[in-house]
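These are my notebook entries on a structure I looked up today. I wrote down the cut-offs as I went.

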Amino acid sequence: MKRLLGAVTVVGLVAGLVMAFGIAPREATQGNVQRIMYLHVPSVWVAYLAFAVVLVASVAYLARRSEPADRLAHASAEVGVLFTGLTIATGSIWGKPTWGTWWTWDARLTTVSILFVMYLGYLLLRGMIDDRERGARFAAVLGIVAAFNIPLVHFSVYWWRTLHQPPSLMKPGPSTMPGVIVAALLVNFAAFTLLYVYFVTRRARVLRLEAEAEA
Amino acid sequence: MTADNWSFVFAAYGLAVVVLVTYWRFLVRRERELSEGDTLRRHGSGMPEPQTERRSP
């Protein structure tokens, strides 16, 4: 199952690269640098997904004290932090040629940085508390509180005047982008979602083995 | 004609490959270490090895 999921994920990622570099056309305004979008936008999608899973798993843990739910929250938070970091880094690389700067304290960039730091804090909190049950409880509370930042990040481009463009796909109503660009994005969304599932499954297994080794 | 800035594209994708492959390798290595430790503990405590499904010939 693990190998099958891994193989399907690799196929998805290769398909995503083919769509991004082979099928999607060169964007008229930005040129080929816009191809970073096929990496940047799916990365932030995975970050949103990961932190939403942390929220649900944290609620489940507090309600039932279920260890698998706690491991799912932990694994998902770690993968979410990884993809948030990737989102920030790829956005910065994209920002330099298009905005003329690596970084600016724009509303979207600031809120996503806060999101990153909050979940980094979540992981540090888990590592700092020796009592596993207590650490899981505190982390679950933080996992619920931190999730309130997700809509703040997403809607920041509407609520404040920002340099960052509004959402390309994750918005109500039909997309204004050409169909081939939407298709390339959707293939990469699917591939990154598979990668998320693969990473979380493996990380949760590692966490289970660690707990068994400590017991 | 807009400049293509391919170096930025390769930097972004290259960084992503390095980060994701490094994380994947960390997961594989950690899982292997823990699985080997688990096998050694089972041997040490005299516990039976987990049996895989047996197939009839």
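Axes are lines fitted to C-alpha atoms, for helices over the stretch in contact, and angles run from 0 to 180 degrees between N-to-C directions. Helices (H or I, at least four residues) and strands (E, at least two) are DSSP runs, numbered from the N terminus.

This is a predicted model, in which local features need pLDDT of at least 70 and side-chain atom pairs count only at pLDDT 80 or more, while totals for chains, interfaces and linings use all residues. Residues are numbered from 1 along each chain as its sequence is written, and chains are lettered from A and ligands numbered from 1 in the order in which they are written.

Entry 1, a helix pair. I looked up α2(A) (residues 37-64) and α5(A) (residues 132-146), which pack at an angle of about 135° with axes 8 Å apart. The two helices are therefore oblique to each other. From α2(A), the contact (C-beta atoms, placed from the backbone, within 7 Å) takes Val54(A), Leu55(A), Ser58(A), Val59(A), Tyr61(A) and Leu62(A). From α5(A) it takes Ala136(A), Ala140(A), Gly143(A) and Ile144(A). I sorted the contact of α2(A) with α5(A) by class and got eight nonpolar, two polar and no charged residues. Here Ala, Val, Leu, Ile, Met, Phe, Trp, Tyr, Cys and Pro count as nonpolar, Asp, Glu, Lys and Arg as charged, and the others, Gly among them, as polar.

A nonpolar core is a set of buried Ala, Val, Leu, Ile, Met, Phe, Trp, Tyr and Cys residues joined through C-beta atoms within 7 Å. Buried means 20 or more other C-beta atoms within 10 Å of a residue's own, exposed means 12 or fewer, and partly exposed is in between. The largest core has 65 residues, and Tyr196(A) is among those that touch the most other members. The largest share of this core, 16 residues, comes from α2(A). Leaving out residues up to four places away in sequence, I found Tyr196(A) touching Val46(A), Leu49(A), Ala50(A) and Val79(A).

Is Tyr158(A) buried or exposed? Tyr158(A), in α6(A) (residues 149-159), is exposed, because 11 other C-beta atoms lie within 10 Å. Tyr158(A) and Arg108(A) are 50 residues apart in sequence, and their C-alpha atoms are 9.7 Å apart.

Methods
Parallel < 35°, antiparallel > 145°, perpendicular 65-115°, else oblique. Contact = placed C-beta atoms within 7 Å.
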